[in-house]
Amino acid sequence: MYTEEEKNQKFEEICQRIEQGEALRNILRYGNPPLSQTVFYDMLKQEDKNVRYARAREIYAEQMFEEIIEIADERNADVNIGDDGKMYVDGEAIQRSRLRVDTRKWMLSKLMPKKYGDKLEVDQKADVTFTWNEQKTYEANEKTD
């Protein structure tokens, strides 16, 4: 089906498209010609390709992080001017932006949990008091003799 050279070229193309934000599923399904998932995952068994794919995913995550900032900073759709010339807040646009940011944050926490996942902070304090009753210990020892 594919020569080794064609597989290498196809793999590099896939990685570049992932870096640009395309979904792997769509790349495989709508590629020209389509590439089966089996062939792709067989390629990942090679160490160098696995490393390259992981790097493509990291770049994708970094771009997604930058998208979050762009979405949060975008203000054009938040306010509209009505026919009467008054400014109106577009709640739907604000909610959609919030959903887009939250979705990307969730995806980042799954793609790169060490970097973008929720951090659990454990703050544990305990006061411990030990009371030694020497007399009772002595009496216990005395009775066993």
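This report looks at one helix pair and a set of aromatic rings in a predicted model.

## Ground rules

Local features need pLDDT of at least 70 and side-chain atom pairs count only at pLDDT 80 or more, while totals for chains, interfaces and linings use all residues. Residues are numbered from 1 along each chain as its sequence is written, and side-chain values use heavy atoms, with hydrogens and water left out.

## Helix 4 against helix 5

Helices here are DSSP runs (H or I, at least four residues), numbered from the N terminus. Helix 4 (residues 47-73) and helix 5 (residues 91-111) have axes that come within 10 Å and cross at roughly 160°; axes are lines fitted to C-alpha atoms over the stretch in contact, with angles from 0 to 180 degrees between N-to-C directions. The two are therefore roughly antiparallel (angles over 145 degrees).

On the helix 4 side, the contact (heavy atoms within 4.5 Å) includes Tyr 60, Met 64, Phe 65 and Ile 68. Among their counterparts in helix 5 are Arg 100, Val 101, Arg 104 and Leu 108. The contact residues split into 11 nonpolar, 1 polar and 4 charged; Ala, Val, Leu, Ile, Met, Phe, Trp, Tyr, Cys and Pro count as nonpolar, Asp, Glu, Lys and Arg as charged, and the others, Gly among them, as polar.

## Aromatic rings

Rings of Phe, Tyr and Trp (its six-membered ring) pair if their centres lie within 6.5 Å, and the count comes to 4 aromatic pairs. Phe 40 and Tyr 41 have ring centres 5.5 Å apart and planes at 70°, so this pair is edge-to-face (over 60 degrees).

Phe 40 is buried at 0% relative accessible area (under 20%, 1.4 Å probe, protein chains only), whereas Tyr 41 is partly exposed at 43% (between 20% and 50%).

Methods:
Parallel < 35°, antiparallel > 145°, perpendicular 65-115°, else oblique. Phe/Tyr/Trp six-rings, centres within 6.5 Å; stacked < 30°, edge-to-face > 60°.
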